[in-house]
Amino acid sequence: MRAVVYRGPGEVEVQDVPVPRPLGPRDAVVRVTRAAVCGTDLHPYRGELPGFPAGTVLGHEFAGRVHEAGPEVPFAVGERVFASDVIACGRCSDCLRGRHYQCGAGSLFGYADVAGPSVAGGQAQYVRVPFADVVLARTPDSVTDEQALFVGDVLTTAYAGVRAARCEPGDVLGVVGAGPVGVLAARCGALAGAAEIVVAEPDARRRQQAAEFGVRAVAPADFAEALRAATGGRGADAVIEAVGSDTALACALDATGPCGTVVALGAHHSTAMPFPTGQAFARELSVRFTVGNPIALRDRVLGVIRAGVDPGGIVTHRLPLEAAAEAYRLFDRHRAFKVVLECAS
C-alpha cells in the first residue's frame, strides 16, 4: 500500500509499505478514504521534535471503511467509521473517568513514541486501529467522511477549548491563532452564544482567510486592546490559545480580564517560558491545558455539525495521497488553510 512517510525535517515521501493486519482481538484495519494534514503534524516536519524517527507513517485525522476486524470489534467489514486521534484502551481507571489522553496504554496515530507506543498513522491507504471498539465510531449517514475526520481531532479540539473556557451567552471570547483550530474554536464559541469574538493572527493572509470564514481577526499587537474595547476595559472573559508557543500563550494571558480563563489548546513543548505569575495572581486567572478528547466528546461534536458548523468549509485544498509532499509544503507555508488527502473513493 501507499503511505506518507517522514524522512527528516522538511521532507515527507509517499512510499510502499506493508498493508497492516490486526494484531489482537480488539484491532481493526481501516481502508482510509480521507485523511488530513494537521498543525500537530508540522512539529516533526519542521524539526521541532529532535529524534523523531525517519520511517514513521504520519497522520492522525482520518476516516474510511472497516477492512478487517478482530472478534471483539463491534463494526462490520465495509462500515463507514472515523477514528479518534487519541488511542486509548477504554478500560483503565483514567479512561473510565473520561481521561483518555492519560491512558497508560494510550498513544497518538503517526506520532512515533512522543505520546506513547508508536502506532503508524492514517495518511495511508490502510491503517491499523488498536482498541478499535473504543477508538473508532460509526460515521452517520448525514455526515461525509471529510466532515467525520474533523470530529476525530480539530473540530473536537476546538469544541473542547470552548467547553473548558466555560463560554456562556454574552461572553467576550478571544482566540490566539487563526489556523484551523482557532477558526473552528471561534465558530464553536459563536454557537455557544459568545457576544463578540476576536482572533489574534500575525499572518495577514490568514487574517483575510478568517474573515472569509466569518471570523474577525486582528494583528496580535491590536488583540488585547480590541478585547478591552469590547468589555469596557476589562479584557476577555476567556481566551483560547490555539498555537502552542510561548509567545501565543503570553498573548492570551495579557488579553484575559479579571477572573477570566485561559485555555491552551496548542501542543506545547517548551520548558523555558517565564510565566507571569504576578499578572495571573493579580487577575485571579484560571489557566488550563486541554487536549481534545474525541472518544468522550464525539457525539456532542457530531451535534455541532448538525447545528450548522460545517468543518469542511475551511478546506482549501483537496489533493490525492500521492501529492502529500506538496500538501505539507503548502500547509507549512500558509499557502493552504486546511488540506485533505483523498486516499480512496
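Modeller: Threonine 56 counts as buried, at 9% relative accessibility; buried means under 20% relative accessible area, exposed over 50%, and partly exposed in between, with a 1.4 Å probe and protein chains only. The model is predicted, so local features need pLDDT of at least 70 and side-chain atom pairs count only at pLDDT 80 or more, whereas totals for chains, interfaces and linings use all residues. Residues are numbered from 1 along each chain as its sequence is written, and side-chain values use heavy atoms, with hydrogens and water left out.

Threonine 56 is located in the loop between α1 (42–45) and β4 (61–69); helices (H or I, at least four residues) and strands (E, at least two) are DSSP runs, numbered from the N terminus. A polar atom of the threonine 56 side chain lies 2.8 Å from the backbone oxygen of proline 53. When neighbours within four places in sequence are set aside, threonine 56 is in contact (heavy atoms within 4.5 Å) with Val4, Val5, Tyr6, Gly110 and Ala112.

Strand β1 (residues 2–8) is largely enclosed by the rest of the structure, because 5 of its 7 residues are buried. β1 runs antiparallel to strand β2 (residues 11–16) and is joined to it by 6 bridges; two strands pair if DSSP finds at least two bridges between them. Within that pair, valine 4 stands opposite valine 14 in β2. The two strands form a hairpin with 2 residues between them, and glycine 10 in the turn has a positive phi of about 80°.

Most residues other than glycine have a negative phi. Phenylalanine 131, however, has a positive phi near 50°; this residue is in the loop between β8 (126–129) and α3 (132–135). Arginine 166 has a positive phi near 55° and sits in the loop between α5 and β10 (172–176). Its relative accessible area is 47%, so arginine 166 is partly exposed.

Among the buried residues are Val154, Leu155, Tyr159 and Val162.

Beyond four places in sequence, leucine 155 is in contact with Phe150, Leu184, Cys188, Val301, Ile305, Val309 and Pro311.

Valine 143 lies in the loop between β9 (136–138) and α4. With a relative accessible area of 3%, valine 143 is buried. Its contacts beyond four places in sequence are Arg80, Ala148 and Leu302. The C-alpha atoms of valine 143 and arginine 306 are separated by 8.7 Å, although the two residues are 163 apart along the chain.

β10 and β11 also belong to an open sheet of 6 strands, in the order β12-β11-β10-β13-β14-β15, with parallel pairing. Its edge strands are β12 (217–218) and β15 (286–289), each of which pairs on one side only. Helix α9 (residues 246–255) packs on the sheet and touches β10, β11, β13 (236–241), β14 (256–264) and β15. The direction of α9 makes about 155° with that of β14, where axes are lines fitted to C-alpha atoms, for helices over the stretch in contact, and angles run from 0 to 180 degrees between N-to-C directions.

Strands β10 and β11 (residues 196–200) pair in the parallel sense over 5 bridges, with valine 175 opposite valine 199 in β11. β14 and β15 pair in the parallel sense over 4 bridges, and alanine 264 has phenylalanine 289 in β15 as its bridge partner.

Terms used. A polar contact is a pair of N or O atoms within 3.5 Å; within protein, one must be able to donate a hydrogen and the other to accept it, and residues adjacent in sequence count only if both atoms are side-chain atoms.
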